Amino acid sequence: MRDLHELTALEQAQAIRDRVVSPVELTRHYLDRIEQIDPRVGAYVTVTAERALEQAGRLQENLPDGPLAGVPIPVKDLNLVKDVPIMFGSATYRDFVAPVDDTVVERLREAGTVMIGKTATPEFGLPCYTETDVSPPTRSPWDTERSAGGSSGGAAAAVAAGLAPAAQGSDGAGSIRIPASVCGLFGIKPTRGRISFAPIIPDLAGLSTNGPIARTVADAAALLDVMAHNVPGDLYLAPPAEGTFLAHAGREPGRLRIARFADPVVPGAEVDPAVLAAYEEASVTLAGLGHEVVDIARPYGPDLVPQFVTMWYAFACMHPVADDQTGRLRPITAWLRERGFATPAPAFLQAQAALQLATRGALAVTDAYDAVLTPTVTQPPRPLGWFEDVADPEETFERMTRFAAFPAIYNVSGQPAVNLPLHWTADGLPIGVMLGGRIGGEATLISLSAQVEAARGGFWGERRPPVW
């Protein structure tokens, strides 16, 4: 058999069911790799080795049904795991221990996955890079001098480095798709309301959602099946799915109409030629599979960027920080919160209303198509420190918005979107492309993505990151 970390998550689960390997053996394998490799990557902020081995031991005696039972799946350090420290990427929460589980964590446990640790995230999940004051910077396994992205940077780095077969992440403005792009992974931002944030984290404007990150479409689909749920009190409910998402990874999508555009909504954002090459390569691949690929005008205008920024300022204030701890905030966080606390409630409501109005118009255009192709980010993976290598936090924020100029439109609209890892530069750096779908259309995106993956002989082929 191949090395355990070479197997997909679904193959690992099958090996456990076939008694080729035990949950304890698989968990030890990943814990050993984390100890050896993670100092070079910075994927984990907390490793729960003893807890994971105890959990794996119980599964060895009583393995539940399910496609991922016995498989290690880490949890992002923005999500609560009862009795495990959670820092939200912030030194202001260094001594905080989660009092309860998030319900998505309960779902992962009920499915028989093993929680091997908490993956790194930037402070309060706000930046699109993972560099904090509570753990080493999170590096891309493809080039450890470059950022793994954010805010699910630790989750993506763990999967790309073979320190987890798949991972739970979350996405409020591209936070699954951005690190999936720069780490060469398949990531799904589900439809708004597909996965509950209960019991504590509020839905509010519905920008953020949990979602899976994996090396293969089928692994991500299986993890989405595990994570999908709602509880009473959720503000949003996604349309019911037909069957399992994993089943759709094995179905042909049929001939689809796919729109495309590469004009970023953010003023001043320029799409790098390498990113455009990835976008064109994806277009050729999709057309070669028999799909109709149609150019459309950008469905959102740049006048909406200030409205989104107003909301981002306000959401930066959601985590309470004691007065005697504010000096421990990172400069970009303090800058965002200062503007958030200065935002009047009417301005916030007006911004949300403007975004909803724009979404109604945009969906009238995009719903005519089965999927929409764009770049995921505007540039290849950035060097460590690049976002903050400027004079002030405002310029850091400008760099963030120009780099991540495409993903947030789907957080605004609530549509599902995925990152496809289809392109690598001559220097071996991954560049993803994004497919957005109709509300409730994850199944179509999964079927289409699996078709592309199969046509390419797998996203990675024989390619592996240097740390692998």
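## Charges over aromatic rings

A charge sits over a ring if NZ of Lys or CZ of Arg is within 6 Å of the ring centre and within 35 degrees of the ring normal. In this predicted model, local features need pLDDT of at least 70 and side-chain atom pairs count only at pLDDT 80 or more, while totals for chains, interfaces and linings use all residues. Residues are numbered from 1 along each chain as its sequence is written, and side-chain values use heavy atoms, with hydrogens and water left out.

Arg399 lies over the face of Trp386, at 4.5 Å from the ring centre, and Arg33 is placed over the face of Trp468, at 5.7 Å from the ring centre.

## Helix H2

Arg33 is one of the buried residues of H2, where buried means under 20% relative accessible area with a 1.4 Å probe, protein chains only; Pro23, Tyr30 and Ile37 are also among them. The cover over the buried residues of H2 includes helix H1 (9-17), strand E1 (44-47) and helix H3 (49-61).

## Aromatic pairs

The whole structure holds 16 aromatic pairs, counted where ring centres of Phe, Tyr and Trp (its six-membered ring) lie within 6.5 Å, with planes under 30 degrees apart called stacked, over 60 edge-to-face and the rest tilted. Phe88 and Tyr93 form an edge-to-face pair, 5.0 Å centre to centre with 75° between the planes, and both Phe88 and Tyr93 are buried. Together with Phe96 and Phe124, Phe88 and Tyr93 form one aromatic cluster.

Technical notes:
Buried < 20%, exposed > 50% of the residue type's maximum accessible area, 1.4 Å probe, protein only. Helix = DSSP H or I, 4+ residues; strand = E, 2+ residues; numbered from the N terminus. Contact = heavy atoms within 4.5 Å.
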